[in-house]
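Welcome, and thanks for opening your viewer. Please load the model, pick a colouring you like, and follow along one selection at a time.

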Amino acid sequence: MIAAKRTGPVILGIVGDSGVGKTTLARGIARILGPERVTIFSMDDYHRYTRAERYERQLSALEPDCNHLDILTQHLKLLRKGEAVLKPVYDHTNGELVRPELMQPADFIIAEGLLGYASRELRSCYDVKIFLEPEEDLRLRWKIHRDTTQRGYSQSDVLSILERRQRARDTYIVPQRLFADIVIRFVRPAVETGQQDDQLDACHVLRPTLPHPDFTSLLDSIHADRDIRLQLTRDHGKPVDLLEISGGISPERASDIERYLWSELQDAKPDLDDVGLYESSVGMRVSHPLALTQLFIAIHMMKAAQGEYAI
């Protein structure tokens, strides 16, 4: 039976704690699929209070009651139907809620944020659900760098906020991991390579909630060995596949695999310069494990667009 193509947008959810790299992952996927075909938005736009108001109330943006999750759910449902929405806007530079903007749905929609899987109704809005959980020391370093260079915080401010948020993180953010189709974890390799993150290992927990691509035949086709490994394991007691991408993969080997994956994306135009980019303390760099991660997720989205995934 040939699957019919979808008539509405494909929606990808990327959820995780603050500073885990959601925006970096989303931008790379959009570059692969074609920016003109992708609408990206942050669920932070649905904050109920300004930064000052949260501080006055001793509340955290990680708490569901501090966000208009009902409006977010409504908007995702409208976007799935191909309808435009008047979306709120949260300005991270000053922590203010500013003038809303009209958002038109493209072929693909990437919604990234803190609480995207907080309710059953919200979870039903996505074709593919990703949860990001890098090693905690990596997240802390990434968050401090972002918040001090882009959002006007001092390092002591960031550390204080992280301490105050810990309870909300454990209560509301971490449990959403259980609802993801794919859990992605970036970790430092066994042999330390320094402060740059272009050689981090990437581990993908693949749950059977999606018809994942046949990675066995794919890995055989590219003659993968230690660079990319697939094994059966358990996550919270349930069987899952674990796809591991070595941070030590050579640029030449990675480029060969990336070209192979591009060939799986029938409507995408190959451009290896567009994937794996991330902002480091010394400027933009390329991570091949990140590039391969972005390509794997883009393949999922293309398969959803072709009608292979039903929600």
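## First stop: G247

Start by selecting G247, which lies in the loop between β10 and α8 (251-264); helices (H or I, at least four residues) and strands (E, at least two) are DSSP runs, numbered from the N terminus. Residues are numbered from 1 along each chain as its sequence is written. This is a predicted model, where local features need pLDDT of at least 70 and side-chain atom pairs count only at pLDDT 80 or more, while totals for chains, interfaces and linings use all residues; side-chain values use heavy atoms, with hydrogens and water left out.

Is G247 buried or exposed? With a relative accessibility of 3%, G247 counts as buried; buried means under 20% relative accessible area, exposed over 50%, and partly exposed in between (1.4 Å probe, protein chains only).

Now show what G247 touches: D198, Q199, L200, D201 and P289, not counting residues up to four places away in sequence. A contact here means heavy atoms within 4.5 Å. For a distance check, draw a line from G247 to R165: the C-alpha atoms are 31 Å apart, and the two residues are 82 apart in sequence.

## Two loop residues with positive phi

Next, select H236, in the loop between β9 (228-235) and β10 (238-245). H236 is not a glycine, yet its phi is positive, at about 55 degrees. Its relative accessible area is 62%, so H236 is exposed.

Then move to Q58, in the loop between α2 (51-57) and α3 (69-80). Q58 also has a positive phi of about 55 degrees without being a glycine. At 57% relative accessibility, Q58 counts as exposed.

## A stop on helix α5

Select L140, which belongs to helix α5 (residues 136-150). L140 has 29% relative accessibility and therefore counts as partly exposed.

## Into the cores

In soluble globular proteins, nonpolar side chains tend to be buried together. Here, the largest nonpolar core has 47 residues, and L12, I14, I29 and I130 are those with the most contacts inside it. A nonpolar core is a set of buried Ala, Val, Leu, Ile, Met, Phe, Trp, Tyr and Cys residues joined through side-chain atoms within 4.5 Å. Helix α9 (residues 288-305) gives this core its largest share, eleven residues.

Which residues does I29 touch? Leaving out residues up to four places away in sequence, they are L12, I14, I110, Q294, I297 and M301.

For a second, separate core, select M43, L115, A168 and V240, which are included among its 30 residues.

## Zoom out to the whole chain

Finally, colour by secondary structure: the protein chain has nine helices and twelve strands. Its radius of gyration, taken over C-alpha atoms, is 19 Å, close to the 19 Å from the globule rule (2.2 Å times the number of residues to the power 0.38) for 311 residues, so the chain is as compact as a globular protein of that length. Along the principal axes, the C-alpha atoms fill a box of roughly 55 × 45 × 40 Å.

Of the 311 residues, 52% count as buried. Among contacts between residues at least 6 apart in sequence, 72% join residues at least 24 apart.
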